[in-house]
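Take a moment to turn the model around before reading on.

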Amino acid sequence: MKLGNLPSLTLLALGMMASMPAKSLTMDLVGRYQTGIYGEAGAEIVDYHKNTQSAYVVDGAKNRIDIISLSKLPTTAINNPLTANTLTAMHLNLPEKVTTSDNQVLSLGTANSLSIYGDWLAVAVANVNKKDDGVVLFYKIEKDKPELFKAVQVGALPDMVTFTPDGQKVLVANEGEPTADYQFDPVGSIGVINMENSMPANTAVLMMFDKFESQKAELQAKGFKFASPKGHSLAQDIEPEYITVSDDSKTAWVSLQENNALAKIDLVNNDIVAIHPLGLKDFGDKNNGIDASDKDKEINIRSWEGVYGLYQPDTIYGYSVNGQHFTVTANEGDSRDWWFGAADEKSCLDAGGSKFDEEDGCLAYSEETRAGKLTLADTHPQLSHLDNKELGRLKVTKAMGDEDGDGKYEKIVTFGARSFSIWNDNGELVFDSGNQFAKTIAERYPEGFNTNESENKKDNRSDDKGSEPEALAIGQVDGKTYAFIGLERMGGIMIYDVSNPKAPNFVDYILNRDLTVDYEIDDSTNPVTLKGDYAKAGDLAPEGMRFIKAENSPTKNALLLVANEVSGTVSVYQIK
């Protein structure tokens, strides 16, 4: 089988990598489902129901759950992997209004996440007004179709939901994003819904971040990013993104993506016990070099002294080795850049905006700028390298880097680490993949290097987080533990043997995308603008992944489910 125009499992030796594992994996695409929806989040988060051998997928475009039968999966690779549509689905439409278990009537927006334990399905759904409280919908999965059992009110913008491994609790990350005009910014929180006698409780316990306000300066000194308008609290600035739970279900870790931190949760006492800032990644290190420009028309991976990256993980996943917990992070990066609609400059300024642009609208708040627009300290080593073909185009934050507050930046700090990392129980870095992703792509797909997911255009993401690692899954095959990292922009899956968390081994990069197709998907328009042969491009923008153990798989081999947001496809890989 061929994926992305190269044979699967072509191993690439990179200079900084440890030796390859004695046994390698094979990954074959054995099933693929197409929603037929492009650029509208047709497939986002995916989970698996063992009893019916079905994949459950959040279809954000239709605001429904697509239920895909996997019971008749083949055990060999399918033909035409770029365009195949071998699987079928039935659809679970989500309600527009619900009466919660505490008798609140709420109007609902879109679903953001789902999780399955046994025959329970939990779906995190935002309020139609995202600043208001959302819900977790609980469905009982029957053979024919899931039935809504209960709606439990949680915090603002529930973004991710998961059961604990023992099934005793449901955790939800309430992101609490501001409104588009930044006039209202709800606090972020972590919700806990107990499963009492295997039934969801009527109310959620919300854990807040207010107590960390007094630690703000200390956290910032360690690499915590605070980037909100004047007067906003730390609790408002914190936006929980993703949750992973220890094997014993007693501890959880939460990614605070925009803040560049992990929060540690005591689930026995329902208490946020610590925030661990993740610090800065030094792009001046020879093993961390990046291509920083989308205007040099070439691959130019190099180190940049005085330039740093924020890890800012999206998906995180935990696993244990010899009784010690480790958290794996996909270091996507994110910024606060908020615009809202306005007819003209006067109405923009009257509404509290700071700048009007005919194309983008009214600027409410942004920490973003380009490195070339920063005023650097006189001693900064890149003072003479701010041309657009060097560092000038790199997107950076204005909220960090001015170490002494004099208006001049001693450090250039950009978004994302362009890697995956492993952290110990105290939030200390154990391993980072450096620039291995970029080097692998440059070697295998030089004409697609740092392309966007919305078109095939070489180098157009170099100034902005690179390939953008986002999706993540962990699973064991034949006694070895593997990490699967999905790259949002470039697409495809990086595979590492992480059995030894201090010395992971690169295994392979699998890409089911045609980088020669001429197409464009523009999601800034309504409806989305589609041009060219987008339907032939393959799988675009992996958003969510789920590993299925061999003993739970219909093929009796391990499976990896991948929900691809921009192509609206779900890919099923068999792993041996």
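The second largest pocket has a volume of about 1,400 Å³. Its lining counts 45 residues, and the closest to the pocket's centre are Pro165, Tyr317, Arg546, Phe547 and Lys549. Two or more residues each come from strand 4 (46-49), strand 9 (105-117), strand 13 (158-163), strand 18 (242-245), strand 24 (316-321), strand 34 (469-477) and strand 40 (542-548). Sorted by class, the lining of this pocket has 23 nonpolar, 16 polar and six charged residues. Keep in mind that the whole model is predicted.

Which strand holds phenylalanine 547? Phenylalanine 547 sits in strand 40. Is phenylalanine 547 buried or exposed? Its relative accessibility is 7%, so phenylalanine 547 counts as buried, the limit for buried being under 20%. Now look at what surrounds this side chain. Neighbours within four places in sequence are set aside here. Phenylalanine 547 is then in contact with Ala473, Ile474, Gly475, Gln476, Val477, Phe484, Ala558, Leu559, Leu560 and Ile575. Distance along the chain is another matter. Phenylalanine 547 and valine 572 stand 25 residues apart in sequence, and their C-alpha atoms are 10.0 Å apart in space.

Step back to the sheet around strand 40. Strands of a sheet pair through backbone hydrogen bonds, either parallel or antiparallel. Here, four strands make an open sheet with the order 3-42-41-40, and their pairing is antiparallel. At the edges are strand 3 (27-34) and strand 40, each of which pairs on one side only. On average, neighbouring strands of this sheet are turned by 20° against each other, direction ignored. Look closely at the join between strand 40 and strand 41. These two run antiparallel and are joined by six bridges. Within this pairing, isoleucine 548 is opposite leucine 559 in strand 41.

How many cavities of 30 Å³ or more does a search of the whole structure find? The search finds three. The second largest cavity holds about 70 Å³ of space. Strand 41 (558-564) and strand 42 (569-575) each give at least two residues to its lining. The residues lining the second largest cavity include Gly491, Leu511, Asp539, Val562, Asn564, Ser571 and Tyr573. By class, this lining has five nonpolar, five polar and one charged residues.

The largest cavity comes next. Its volume is about 110 Å³. It is lined by 18 residues, and those nearest its centre are Ile290, Arg418, Ala438, Asn450 and Gly466. Which helix gives the largest share of this lining? Helix 4 (residues 436-444) does, with three residues. The lining of the largest cavity has eight nonpolar, seven polar and three charged residues.

Now back to strands. Find strand 15 (residues 189-196). Six of its eight residues are buried, so to speak mostly covered. Follow its partners one by one. Strand 14 (residues 169-174) runs antiparallel to strand 15, with six bridges between them. One of the pairs here is asparagine 174 with serine 189, its bridge partner in strand 15. Strand 17 (residues 205-208) is antiparallel to strand 15 too, and four bridges join them. There, isoleucine 190 has methionine 207 in strand 17 as its bridge partner. Strand 16 (residues 199-200) also runs antiparallel to strand 15, over two bridges. Glutamate 196 stands opposite methionine 199 in strand 16. Strand 15 and strand 16 form a hairpin, with two residues between them. In that turn, asparagine 197 has a positive phi of about 55°.

Three strands form an open sheet in the order 26-28-27, with antiparallel pairing. Why is one side of strand 26 (337-340) and of strand 27 (355-357) left without a neighbour in the sheet? Both stand at the edges, each with a single partner strand, so one side of each has no neighbour there. Neighbouring strands of this sheet are turned by 35° against each other on average, direction ignored. Strand 27 and strand 28 (residues 361-366) are antiparallel and share three bridges. In this pairing, phenylalanine 356 has cysteine 362 in strand 28 as its bridge partner.

Conventions:
Residues numbered from 1 in each chain as written. Predicted model: local features only at pLDDT ≥ 70, side-chain atom pairs only at ≥ 80, totals over all residues. Heavy atoms only, no water. Buried < 20%, exposed > 50% of the residue type's maximum accessible area, 1.4 Å probe, protein only. Pairing = 2+ DSSP bridges. 1 Å grid on protein atoms, 1.4 Å probe; cavity = no way out; pocket = protein on both sides within 12 Å on 5 of 7 lines; lining within 4 Å. Points joined across faces, edges and corners; volume = space filled by probe spheres on them. Nonpolar A, V, L, I, M, F, W, Y, C, P; charged D, E, K, R; others polar. Axes fitted to C-alpha atoms, helices over the stretch in contact; angles between N-to-C directions. Contact = heavy atoms within 4.5 Å.
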